[in-house]
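The sequence and the structure come next, followed by a short account of selected features.

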Amino acid sequence: FMQLLLGAERASQMTPAAEVFEAGAKLTLSSDWDADTLSPLIKIETVLNRPTGKSFSSIQDVLPMLTRNPAELLGFNSGTLETGKLADIVVINENIFEIPSNMISTRAKVVMTVFNGEIVYDPDGIGGTPVGEYPALENSGSLSMVGFLIGFSSSVWAGISLVMLL
């Protein structure tokens with residue numbers, strides 16, 4: 001998004017998140033939409049593929065920045081899968097740890113969302129009765145995440161954990 005406004009070179013210098021992470025800071029990759037893409041999958045792909053020296057080295061480092069870290073910093077009892085926590089999860093059709101990092105946003109697809117213990121998005125009926133429909137592709141070629149986040153701001157992602165169908 002920022003590359004369109006500022007150009008690739010300037011946009012890549014705006015947020016030295018990898019350097020801040022390496023210094024030991026607890027980071028989040030959430031923002032108030034529309035300052036950033038709404039899709040967490042696009043965010044993951046983007047921060048793993050920034051210019052040399054500025055990208056994060058592993059998806060294992062990045063996922064907590066979209067799940068556990070924001071939940072902890074906001075004081076939510078969510079962000080990880082544990083007994084007694086809210087059941088907020090998304091189920092993804094592929095294992096994003098095995099997809100090439102530059103293809104996460106185009107290959108991975110959210111197939112079910114459970115929010116506050118209730119299935120709110122499940123177009124294929126994985127959890128029983130189908131709920132919702134798959135979003136249409138946007139002009140940019142990336143998935144519209146409106147159905148995925150059910151119209152909530154991206155801060156809702158703070159409490160969601162990922163589950164990959166293997």
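## Strands and charges

Ile 92 stands opposite Val 110, a residue of strand 2. This is a predicted model, in which local features need pLDDT of at least 70, side-chain atom pairs count only at pLDDT 80 or more, and totals for chains, interfaces and linings use all residues. Residues are numbered from 1 along each chain as its sequence is written, and side-chain values use heavy atoms, with hydrogens and water left out.

Strand 1 (residues 89-92) and strand 2 (residues 110-115) run antiparallel and are joined by 4 bridges; two strands pair if DSSP finds at least two bridges between them. Ile 89 and Val 91 point one way from strand 1, while Val 90 and Ile 92 point the other way. Each of these four residues is buried. Buried means under 20% relative accessible area, exposed means over 50%, and partly exposed lies in between (1.4 Å probe, protein chains only).

In the chain as a whole there are 8 helices and 4 strands. Helices (H or I, at least four residues) and strands (E, at least two) are DSSP runs, numbered from the N terminus. Along the sequence their pattern is α-α-α-α-α-α-β-α-β-β-α-β. Of the 166 residues in the chain, 40% are buried. Contact means heavy atoms within 4.5 Å. Among contacts between residues at least 6 apart in sequence, 59% join residues at least 24 apart.

A search of the whole structure finds 2 salt bridges, a salt bridge being a side-chain nitrogen of Lys or Arg within 4 Å of a carboxyl oxygen of Asp or Glu. The table lists them.

| Salt bridge | Closest N and O atoms |
|---|---|
| Lys 26 with Glu 72 | 2.4 Å apart |
| Arg 107 with Glu 94 | 2.8 Å apart |

Lys 26 is partly exposed at 45% relative accessibility, and Glu 72 is partly exposed at 40%.

Arg 107 forms its salt bridge with Glu 94. The pair links helix 7 (residues 104-107), which holds Arg 107, to the loop between strand 1 and helix 7, which holds Glu 94, and the two residues are 13 residues apart. Arg 107 has 35% relative accessibility and counts as partly exposed; Glu 94, at 22%, is also partly exposed.

Which charged residue is buried yet has no salt bridge? Glu 45, in helix 4 (residues 40-48), is such a residue, and the nearest side chain of opposite charge, Arg 107, is 9.6 Å away. Here Lys and Arg count as positive and Asp and Glu as negative; His and the chain ends are not counted. A polar atom of the Glu 45 side chain lies 2.7 Å from the backbone nitrogen of Ser 105. Leaving out residues up to four places away in sequence, Glu 45 touches Ser 101, Asn 102, Met 103, Ile 104, Ser 105 and Thr 106.

Definitions and conventions. Polar contact = N/O pair within 3.5 Å; in protein donor to acceptor, adjacent residues only side chain to side chain.
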